[in-house]
Amino acid sequence: MRHPSRTIVLALGLLVLVLVPPAAAALNAPFYIDLFRRMMIFAIAALSLDLILGYGGMVSFGHAVYLGIGAYAVGILAFYGVDNGFLQWAVAIAASAVVALVIGAISIRTSGVSFIMITLAFAQMLYYLGISLETYGGDNGMPLRTRSQFAGLIDLRDPYAFYYLVLALLVLFLVLGHRIVNARFGMVIRAAKSNEPRARAIGFSPFRYKLTAFVLAGGACGLAGALLANQTEYLTPDFMHWTRSGEIMFMVILGGMGTLVGPVVGAIVLLGLEDVLSAVTEHWQIILGPFLVGVVLFAKRGLFGLLPGEVARDG
Amino acid sequence: MTLLLVVEQGLNGLQFGVMLFLMAAGLTLVFGIMNLVNLAHGSLYMVGAYLATAFVAWTGSFVLGVVLSLLATLVVGVLVELIALRTLYERDHLDQVLATFGLLLFFNELIAILWGRAAIYTPTPAAFAGYVELWPRLRYPTYRAVVILVGLAVAALLYVVVTRTRLGMLIRAGASNRTMVGALGVNIRLLYTVVFGGGAVLAGLAGLMAGPIYAVQPGMGEQILIQVFVVIVIGGIGSIRGALVGAILVGMVDTLGRAFLRPLLSTMVSPNAADAAGPALASILIYVLMAAVLFLRPQGLFPARG
């Protein structure tokens with residue numbers, strides 16, 4: 001991120017995100033506040049996946065599960081009349097982290113294809129569990145009774161306040177991510193990705209580090225889920241569907257795996273593209289599918305990675 | 001819960017198991033030999049089901065429809081291999097997952113454009129309508145019985161091909177050491193295409209047999225695909241024998257779980273609790289099984305590579 005062009009992109013990007021709400025208000029198009037908020041929520045989810053995928057080399061194919069758990073934590077608490085946002089979001093993060101701990105403890109024992117499969121299988125397990133929760137709407141899901149309340153500090157029903165809260169959280173996660181991947185901890189998971197036997201030989205036990213990263217990523221994505229529940233004001237098991245996990249993974253690749261800004265770029269571009277294409281044709285996936293194949297085959301470094309700068313050597 | 005019901009559900013489990021096997025055999029070989037994670041394998045199943053329905057309606061003949069749709073699925077499979085997948089063999093698993101995920105979105109949408117998003121009706125062929133009496137008072141749908149027989153016959157055929165023929169020898173050699181097979185002068189690209197085409201035909205066969213039993217709709221491939229992944233992970237990646245054992249195991253556990261878990265639970269807890277927990281438990285049973293197998297034997301029950 002030291003290269004000037006990347007820093008410029010980052011600064012310009014943040015400026016654009018800050019200016020979206022006033023611009024939308026000026027153009028009388030409040031829809032764009034909604035769209036960009038959604039993009040940023042998915043950016044947080046993609047960022048959390050990138051920590052384990054891009055830096056840790058763990059191809060988790062069930063990351064959307066934590067979106068679902070975070071969303072259901074908020075939805076279920078609200079269902080029972082608990083609408084304190086601090087509590088709801090803390091539960092969302094904690095529940096996701098605990099689930100990530102269980103899934104991680106079992107799946108990190110495997111690697112390669114088995115790791116992909118087992119994370120996918122756990123995701124399916126929780127997806128079906130969501131479907132079977134008849135009390136909370138089962139298959140159809142249920143509306144969120146009320147957006148999270150923050151004791152008058154911030155009102156999520158105000159689209160601007162909610163927007164800037166999500167933006168602030170995104171920036172916070174970018175800063176945190178920067179600290180983590182450049183700290184000793186981040187170095188260890190990157191070392192484990194590029195050569196696990198060597199990491200072990202110099203005296204690290206990669207398992208604990210990888211598991212910690214897995215849990216951190218799960219918790220962060222759980223918060224994204226809590227935000228998503230407030231965004232859509234509706235929660236369904238579809239949040240956890242494996243195609244959703246695939247989409248988040250695609251955001252990471254599209255933007256640039258193993259960079260912090262990449263997943264944010266990827267989330268914005270992918271959701272923006274979906275928005276544009278779905279306005280053109282109902283069958284936008286017929287364009288998106290081959291586009292995805294093309295990105296994988298020809299633009300492996302992702303959009304952000306195409307900018308000059310440091311190449312992830314351990315990629 | 002009578003014995004007859006248990007036998008009937010057991011047969012249903014076997015029927016589901018052989019369908020899983022038809023899918024798993026192709027997928028596990030593609031995994032084992034080309035080291036390719038192919039999420040689009042379920043799309044070939046879907047293509048098989050749609051083409052069979054269309055060709056049977058078009059020709060008016062079941063046999064002709066089956067033959068045409070299998071050939072067409074073979075063509076689709078080989079085209080996919082030649083155009084998109086060839087370049088992926090040397091890539092890492094992440095690239096493969098994403099690219100084949102893109103293919104899967106493409107196929108789902110293509111089918112939705114051609115046939116619509118609603119499920120289409122696929123009639124049971126007239127010759128296999130009705131029931132067979134397997135035992136006094138045990139009547140079983142003829143069509144499902146035929147599916148079981150076809151599945152077992154294909155399994156036997158695959159066994160012969162893999163263990164008794166030159167092609168099978170190359171397949172086994174490829175699964176245990178690809179590089180060596182190439183170094184010994186075997187045309188590995190051709191072998192890849194043949195294996196992939198074979199897998200496509202088996203997936204198409206599973207799809208066309210699934211037509212009259214399950215809903216034929218876009219996205220039908222994914223549901224079974226993930227169960228097939230469970231099968232091959234349990235059985236051991238690259239192993240046909242593992243695929244067979246895993247498929248029957250998963251088919252049985254899933255079917256019997258769905259049929260008997262709720263009544264079984266209601267004998268232990270209140271009927272309301274059983275109503276709530278039964279279906280949930282039944283649908284996650286195979287994933288629990290997979291997690292348990294992976295925990296105890298990360299390489300699966302019958303790993304292809306020592």
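Leaving aside neighbours within four places in sequence, B:V230 is in contact with A:A121, B:V250, B:I286, B:Y287 and B:M290, where contact means that the C-beta atoms of two residues, placed from the backbone, lie within 7 Å. The model is predicted, so local features need pLDDT of at least 70 and side-chain atom pairs count only at pLDDT 80 or more, while totals for chains, interfaces and linings use all residues. Residues are numbered from 1 along each chain as its sequence is written, with chains lettered from A and ligands numbered from 1 in the order in which they are written.

B:V230 also belongs to the largest nonpolar core, of 202 residues, and is listed with A:A43, A:I44, B:M23 and B:A24 as touching the most other members. Such a core is a set of buried Ala, Val, Leu, Ile, Met, Phe, Trp, Tyr and Cys residues joined through C-beta atoms within 7 Å; buried residues have 20 or more other C-beta atoms within 10 Å of their own, exposed ones 12 or fewer, and partly exposed ones fall in between. The most residues in this core, 16, come from α1(B).

Turning to the interface, 35 residues of chain A are in contact with 36 residues of chain B. On the chain A side, two or more residues are given by each of α5 (112-132), α10 (242-255) and α12 (285-298), and α5(A) supplies the largest share, 14 residues. By class, this side has 24 nonpolar, nine polar and two charged residues (Ala, Val, Leu, Ile, Met, Phe, Trp, Tyr, Cys and Pro count as nonpolar, Asp, Glu, Lys and Arg as charged, and the others, Gly among them, as polar).

Chain A as a whole has 13 helices and two strands, these being DSSP runs numbered from the N terminus (H or I, at least four residues, for helices; E, at least two, for strands). Of its 315 residues, 50% count as buried. One of the buried residues is A:V265, with 24 other C-beta atoms within 10 Å. A:V265 lies in helix α11 (residues 261-280) and, not counting residues up to four places away in sequence, touches A:G255, A:G256, A:L303 and A:F304. Although A:V265 and A:F304 are 39 residues apart along the chain, their C-alpha atoms are separated by 7.1 Å.

In chain B, helix α5 (residues 142-164) has buried residues B:Y143, B:R144, B:V147, B:G151 and B:L158. These pack against α1 (3-34), β2 (138-141), α8 (188-210) and α10 (240-266) of chain B.
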